[in-house]
Amino acid sequence: MNGIIAKKLGMTQIFDDKGDVIVVTVLEAGPCHVVGIRNQEKNGYNAIQLGFLAVKKLNKPESGFLKDKKLRHIVEFKVEKVEEYKVGQEIKVDIFKPGEIIKISGTTIGKGFAGTTKRWHHHRGPMTHGSKSHRLTGSIGAGTTPGRVYKGLNMPGRMGGVRVTNRSIKVISVDLENNVLMVKGTVPGPKGNIVEIIKS
Amino acid sequence: MSIIEEIEKKQINEKVALFNVGDTVKVLSKIVEGNKERLQAFEGIVIKRKGGSNRATFTVRKLVQGIGVERIFPLHSPKIDQIQIMKKGRARRAKLYYLRNKIGSAATKVKEEIKKV
């Protein structure tokens, strides 16, 4: 198996084997259950579907699909050989080893409608000397030539709340007993965010 | 206890010396040079203690040829071999930033603790 679903528990710092301080994110990774299998003949691709975390109630279509295995957060992971897996199988955090490089996908914290200073790291204008253009967008182009605003120009708008993938994340420790995975650096989203961890 | 608190607790060095702001300490830190490991001493006044749990740090200030030098150490760092308390000081502030503005002998002066009888 090459991936698992996890919940972000928070961040802290630890001393590594050299004695240096490193920043880590703590994740509750798995246990996940295989809830569905997609194969080449029937679906055109090979993948398995994992479910994570229990839920109290399911509606009729959900319980039909999950066979009353009350789970939420269902994510599909591509695999090469589907024959190795069967529905109901448990996937645990021990698929990862300390030192391994992984990537983590998830939804970032929503920032709302953000200006260009925050969203695109534009410089701000002077705060004093009669200036009123503190955090304004500024010019968005020339005049009659070209007579339009170029496409793709950095403008204010909704920021965050999008799915991103953080790559080259190093696994620091794997705790199979508590289903806890510790990785170096940051992971998208706030505490409690559901993220997907994939081997890279 | 939450999982994160447990992880932080494992990082804490229980044997760490007890000292306060105003004390004069000698910090022996491990330095790796090639294959050899030696101890480097840094002696001065503790002017700040900051943070809790495994994140706690302290700042030591000393004068080198009349120029102030400050060094921040993580309290529970495995790189710290030993913290020796040379002198107990009685500080009336939590942070002794005022020592930065003092010149000469006044910059190293913190009242010694008077033992209660």
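**Notes on the predicted complex**

1. In chain A, 67% of the contacts with a separation of 6 or more are between residues 24 or more positions apart, a contact being two residues whose C-beta atoms, placed from the backbone, lie within 7 Å. This is a predicted model, in which local features need pLDDT of at least 70 and side-chain atom pairs count only at pLDDT 80 or more, while totals for chains, interfaces and linings use all residues. Residues are numbered from 1 along each chain as its sequence is written, and chains are lettered from A and ligands numbered from 1 in the order in which they are written.

2. On confidence, the predictor assigns the complex a pTM of 0.81 and an ipTM of 0.77. For chain B the average pLDDT (the predictor's confidence in each residue, from 0 to 100) is 85, and 89% of the residues score at least 70.

3. Chain A contains 12 strands and three helices, these being DSSP runs numbered from the N terminus, with at least four residues of H or I for a helix and at least two of E for a strand. Its radius of gyration is 23 Å, well over the 16 Å that the globule rule gives for 200 residues, so chain A is more spread out than a compact globule; the radius is taken over C-alpha atoms, and the rule is 2.2 Å times the number of residues to the power 0.38. The C-alpha trace of chain A spans about 70 × 50 × 35 Å along its principal axes.

4. Of the 200 residues of chain A, 20% count as buried, where buried means 20 or more other C-beta atoms within 10 Å of the residue's own, exposed means 12 or fewer, and partly exposed lies in between, with C-beta atoms placed from the backbone. The largest nonpolar core has 30 residues, and those with the most contacts inside it are A:Ile4, A:Ala6, A:Leu27, A:Leu50 and A:Leu181; such a core is a set of buried Ala, Val, Leu, Ile, Met, Phe, Trp, Tyr and Cys residues joined through C-beta atoms within 7 Å. Among the elements of chain A that each supply at least two residues of this core are β1 (3-15), β4 (47-54) and β12 (194-199). A second, separate core of 11 residues includes B:Val25, B:Val27, B:Ile83 and B:Leu96.

5. Which backbone features deserve a check? The peptide bond from A:Thr145 to A:Pro146 is cis, with omega near 5°, and A:Pro146 sits in the loop between α3 (116-119) and β9 (157-159) of chain A. A:Ser168, in strand β10 (residues 163-175) of chain A, has a positive phi of about 55° although it is not a glycine. A:Ser168 is exposed, with 10 other C-beta atoms within 10 Å. B:Ser53 likewise has a positive phi of about 55° without being a glycine, and is placed in the loop between β2 (36-50) and β3 (57-64) of chain B.

6. The contact between the chains takes 11 residues from chain A and 11 residues from chain B. On the side of chain B, the largest share, five residues, comes from helix α1 (residues 3-11) of chain B. By class, that side has five nonpolar, three polar and three charged residues, with Ala, Val, Leu, Ile, Met, Phe, Trp, Tyr, Cys and Pro counted as nonpolar, Asp, Glu, Lys and Arg as charged, and the others, Gly among them, as polar.
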